[in-house]
Amino acid sequence: MSGLDAEEISKAYDAVRSDKDETNWLLISYAAATGNKLSLSQTGTGGISELAAALDDTQVQYGYVRVEYANDKESTRVKFVLVVWLGESAKVMRKARVSVESGDVKRVLSHHSIAVTVGDKSELDEEDIVKKLRKAGGADYNGGRG
């Protein structure tokens with residue numbers, strides 16, 4: 001499965017999902033300039049903004065991030081977002097593979113509330129992502145104001 005079955009990807013995925021681990025994002029990239037093998041390239045604890053900073057404009061990459069947000073003073077929600085990154089300068093053939101490959105990635109990183117495909121880092125603004133999560137979750141305690 002093009003490297004997606006690697007143990008380090010599975011461990012990183014479990015770490016991001018764990019309430020007991022500080023790791024809150026992972027990034028999967030191509031292992032080499034040629035070929036279709038994917039591998040874990042990075043993990044971090046700095047949330048969406050740190051993940052966005054790690055994205056490479058010359059690559060197609062897959063990110064998975066834990067997002068926590070409050071609905072009110074008493075409740076915090078934890079949701080997971082799958083990010084499909086299409087770098088502006090990525091090779092055309094790599095971008096073309098996304099339609100097939102993202103299905104495999106979604107099976108490996110299966111627990112996510114939303115999947116976003118982006119080509120501009122500004123599209124990974126945490127406030128905008130939380131709005132999308134609220135909309136997808138059906139419970140919007142802010143009357144649609146985000």
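Residues are classed here by relative accessible area: buried means under 20%, exposed over 50%, and partly exposed in between (1.4 Å probe, protein chains only). By this scheme Glu68, at 45% relative accessibility, counts as partly exposed.

The structure is a predicted model, in which local features need pLDDT of at least 70, side-chain atom pairs count only at pLDDT 80 or more, and totals for chains, interfaces and linings use all residues. Residues are numbered from 1 along each chain as its sequence is written, and side-chain values use heavy atoms, with hydrogens and water left out.

**Salt bridges**

A salt bridge is a side-chain nitrogen of Lys or Arg within 4 Å of a carboxyl oxygen of Asp or Glu.

| Pair | Closest N and O atoms |
|---|---|
| Asp19 and Arg66 | 2.4 Å |
| Arg66 and Glu68 | 3.1 Å |

Asp19, Arg66 and Glu68 are linked in a network of salt bridges. Asp19 is exposed, with a relative accessible area of 66%, whereas Arg66 is buried at 9%. Arg107 and Asp104 both belong to helix α3 (residues 92–108), where three residues, about one turn of the helix, separate them. Arg107 is exposed, its relative accessible area being 57%. Helices (H or I, at least four residues) and strands (E, at least two) are DSSP runs, numbered from the N terminus.

**The loop residue Asn24**

Asn24 is located in the loop between α1 (7–17) and β1 (25–30). Its relative accessible area is 15%, so Asn24 is buried. With contact taken as heavy atoms within 4.5 Å, and not counting residues up to four places away in sequence, Asn24 touches Val16, Gly44, Thr45, Gly46, Gly47, Tyr64, Val65 and Arg66. The Asn24 side chain also reaches the backbone nitrogen of Gly46 at 3.5 Å.

**Helix α4**

Helix α4 (residues 126–137) comprises 12 residues and reaches 16 Å from its first C-alpha to its last, close to the 16 Å expected at 1.5 Å a residue; the expected span is 1.5 Å times one less than the number of residues. Its buried residues are Ile129, Val130, Leu133 and Arg134. They cover an arc of only 140° around the axis and therefore lie on the same side of α4, the arc being that of the directions from the helix axis to the C-beta atoms. The buried residues of α4 pack against α2 (47–54), β3 (60–70), β4 (76–86) and β5 (114–118).

Methods:
Polar contact = N/O pair within 3.5 Å; in protein donor to acceptor, adjacent residues only side chain to side chain.
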